[in-house]
Structures are given as C-alpha cells and as structure tokens.
Amino acid sequence: MALKEGGRFVFLTILKVWLAAINLLAFALCGLDKWKAQRGLWRIRERTLLGAAALGGAPGLLAGMAVFRHKTRRKKFTWGVPAILAAQSAGAFWILWYFMG
C-alpha cells in the first residue's frame, strides 16, 4: 500500500491522524495523572504513560511533562522518553530515506 502513489497518500494521512491523536492522548494522560497526584487519587500507571510514548506520543508526553511539571524527577521519564523519541526519529528518517529516497 505504501509503495503506490494513492496508497502512499492514504498511508501518510492515516499516520498523521494517528500521531496527532496519540500525542494529544499522551499530553492529556500526563495532565490527568498530575491532577490525580495532587488530589491523592488512583494514578495512571507509568507503563501506560511510557506505552503512549512508545506508540508515537513521545513529543506529546514530553510537552505534558514540561507544561504540567510532571514526572520531571524520574529518570525513567527524563531519560527514557527522549530516548524513545530519538529512536523513533531515527527510525522515521531511515524509513523515509529507504522508501522515498
């Protein structure tokens, strides 16, 4: 599907929508977890937050960490989320170079 002109357009459109949605979700989850933490409520699991980052929401989670000042002391997040973003960026550049090159 990604190799045909029409299929490439559809694939890229779906990818853009997915990335927008997962980044918005990661940002919102970070804000919701901060809100719950301030009230002593049941929290969102760290693996859920990191899972959202791994599924493409690393920029959204990083933005949420900065905006809400949340998870900024946890090395799992301060090192892990940027590492996930770096790996995803490298993979995206490789895919673009290989297939679009």
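How many aromatic pairs does the structure hold? It holds two. This is a predicted model, in which local features need pLDDT of at least 70, side-chain atom pairs count only at pLDDT 80 or more, and totals for chains, interfaces and linings use all residues. Residues are numbered from 1 along each chain as its sequence is written, and side-chain values use heavy atoms, with hydrogens and water left out.

**Aromatic pairs**

- Rings of Phe, Tyr and Trp (its six-membered ring) pair if their centres lie within 6.5 Å; planes under 30 degrees apart count as stacked, over 60 as edge-to-face and the rest as tilted.
- The rings of Phe27 and Phe68 have centres 5.1 Å apart and planes at 45°, so this pair is tilted.
- The Phe27–Phe68 pair links distant parts of the chain: Phe27 sits in helix α1 and Phe68 in helix α2, 41 residues apart.
- Helices here are DSSP runs (H or I, at least four residues), numbered from the N terminus.
- Phe27 is partly exposed at 27% relative accessibility, and Phe68 is partly exposed at 28%.
- Buried means under 20% relative accessible area, exposed over 50%, and partly exposed in between (1.4 Å probe, protein chains only).
- The Trp94 and Tyr98 rings have centres 5.0 Å apart and planes at 15°, so this pair is stacked.
- Both Trp94 and Tyr98 lie in helix α4, four residues apart, about one turn of the helix.
- Trp94 is partly exposed, at 46% relative accessible area.

**Largest pocket**

- The volume of the largest pocket is about 550 Å³.
- A pocket is an open set of points on a 1 Å grid over the protein atoms alone, where a 1.4 Å probe fits, with protein on both sides within 12 Å along at least five of seven lines; lining residues have an atom within 4 Å of a point.
- The volume is the space filled by probe spheres set on the points.
- The lining has 21 residues, and Leu15, Leu19, Gln88, Ala92 and Ile95 are the closest to the pocket centre.
- Two or more lining residues come from each of α1 (5-39), α2 (46-68) and α4 (80-100).
- Helix α4 gives the largest share of the lining, nine residues.
- By type, the lining has 15 nonpolar, five polar and one charged.
- Ala, Val, Leu, Ile, Met, Phe, Trp, Tyr, Cys and Pro count as nonpolar, Asp, Glu, Lys and Arg as charged, and the others, Gly among them, as polar.

- Beyond neighbours within four places in sequence, Met65 is in contact (heavy atoms within 4.5 Å) with Cys30, His70, Lys71, Thr72, Phe77, Thr78 and Val81.

- Most residues other than glycine have a negative phi.
- Arg69 has a positive phi, near 50°, and lies in the loop between α2 and α3 (75-78).
- Arg69 is exposed, at 68% relative accessible area.
- Lys71 lies in the loop between α2 and α3, with a positive phi near 65°.
- Lys71 counts as buried, at 14% relative accessibility.
- Asp33, in helix α1, is buried at 0% relative accessible area.
- Not counting residues up to four places away in sequence, Asp33 touches Arg43, Ile44, Leu49, His70 and Lys71.
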